[in-house]
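Me: I would like to learn how to read salt bridges in a protein model, and I would be glad if you took me through them slowly.

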Amino acid sequence: MILLKKIVIFYFSGTGNTWWATGRLTEYLKGMGADVTFFSIEQVDTELSDRLIAGCGTVGFGYPIYGSDVPEIMKDFMKDLAPSGKDAFVYCTQWLWSGDGARVSAEFLSNKFRIKWAEHFAMPNNVSVSAIRLPYTNDKRRINKILKRADRRIKRLVLKIVSEKPFLRGFSAVSACSGYIQRGPFRYFFGRLRNDINVEIKKCNFCGYCVKLCPVSNLILDGNTVSTLGSCIMCLRCYSFCPRMAVTYMKKLHNPERGDPYRGPVDGFDPELMQ
Ligand SMILES: Cc1cc2nc3c(=O)[nH]c(=O)nc-3n(C[C@H](O)[C@H](O)[C@H](O)COP(=O)(O)O)c2cc1C
Ligand code: SF4
Ligand code: SF4
């Protein structure tokens with residue numbers, strides 16, 4: 001077994017799944033003797049990130065998959081980093097499938113890092129919007145089953161990192177093509193999709209919580225209105241955690257008959273942890 005160098009991990013998480021996966025990854029790496037720190041990209045700027053990278057041996061990047069793509073906020077973070085030539089691992093969390101969800105970050109990283117490991121973790125679906133009606137759950141027994149499976153895969157990735165065995169899920173031509181089939185239309189329609197989050201003023205009590213939670217300051221509270229600036233990255237954090245379920249997607253409020261919107265992978269999950 002190789003003596004692990006210092007590792008720094010940067011992640012983005014909209015509703016907590018990638019936060020959870022990052023915590024497990026960190027715990028297993030530490031258990032193997034590595035010196036690991038992890039940061040939500042909402043908590044660091046480029047200058048600090050570059051300094052943290054300069055002081056470590058291996059860098060990790062984690063993000064949720066949106067339409068087989070990297071979230072805009074993570075793309076911007078990756079694009080702004082200085083070239084370092086360091087070894088890197090990349091992981092994405094997803095509900096069902098992304099094709100090449102980890103590989104696609106190579107578009108932004110491969111000229112700055114040596115990507116040696118890439119992996120996908122299947123997690124609960126966080127798209128609970130009533131306008132699309134995909135199946136999702138807040139039932140912790142069902143969620144725990146999914147987390148257990150993800151945990152096993154996280155452990156396997158850690159063993160590969162620790163033993164310096166490269167592993168690149170999603171890097172085949174077939175994976176890249178299948179990812180592109182979903183990513184192409186998602187990128188094409190993103191401009192429209194990102195303008196579909198709004199607030200139903202009749203339900204809102206103007207508490208400002210969504211404004212505080214939004215990772216890209218897309219929401220503005222002004223007296224008795226909450227408006228959007230068109231910079232939404234579709235993380236669904238505001239939709240999931242508004243205490244009054246007053247956030248709409250495609251003009252549709254959350255239907256309470258479906259239960260609460262997705263509230264994160266663990267009981268009492270606090271989205272402010274990632275800020
Ligand atoms: C806009 C959007 C698009 C998504 N696209 C996909 C997808 O293409 N494939 C998939 O399996 N899951 C998809 N998901 C589900 C998330 O990737 C998944 O639930 C992820 O673990 C959420 O992580 P987070 O809680 O860290 O934000 C999508 C979620 C959102 C909000
Ligand atoms: S969190 Fe909900 S209730 Fe509070 S301001 Fe935002 S939309 Fe309104
Ligand atoms: S407006 Fe809502 S869905 Fe869009 S980026 Fe902000 S918190 Fe996420």
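Me: Is Lys75 buried or exposed by its relative accessibility?

Reply: This is a predicted model, in which local features need pLDDT of at least 70 and side-chain atom pairs count only at pLDDT 80 or more, while totals for chains, interfaces and linings use all residues. Residues are numbered from 1 along each chain as its sequence is written, chains are lettered from A and ligands numbered from 1 in the order in which they are written, and side-chain values use heavy atoms, with hydrogens and water left out. Buried means under 20% relative accessible area, exposed over 50%, and partly exposed in between (1.4 Å probe, protein chains only). Lys75, at 6% relative accessibility, counts as buried, whereas Glu72, at 24%, counts as partly exposed.

Me: What joins the side chains of Glu72 and Lys75?

Reply: A salt bridge is a side-chain nitrogen of Lys or Arg within 4 Å of a carboxyl oxygen of Asp or Glu. Glu72 and Lys75 meet in one, at 2.9 Å from N to O. The two are three residues apart in helix 3 (residues 72-80), so about one helical turn separates them. Salt bridges that share partners join Asp69, Glu72, Lys75, Glu107 and Arg187 into one network.

Me: How many salt bridges are there by this rule?

Reply: The count comes to 16. One of them pairs Asp151 with Arg24, whose closest N and O atoms are 2.9 Å apart. Because Asp151 lies in helix 5 and Arg24 in helix 1, this pair ties together parts that are 127 residues apart in sequence; helices here are DSSP runs (H or I, at least four residues), numbered from the N terminus.
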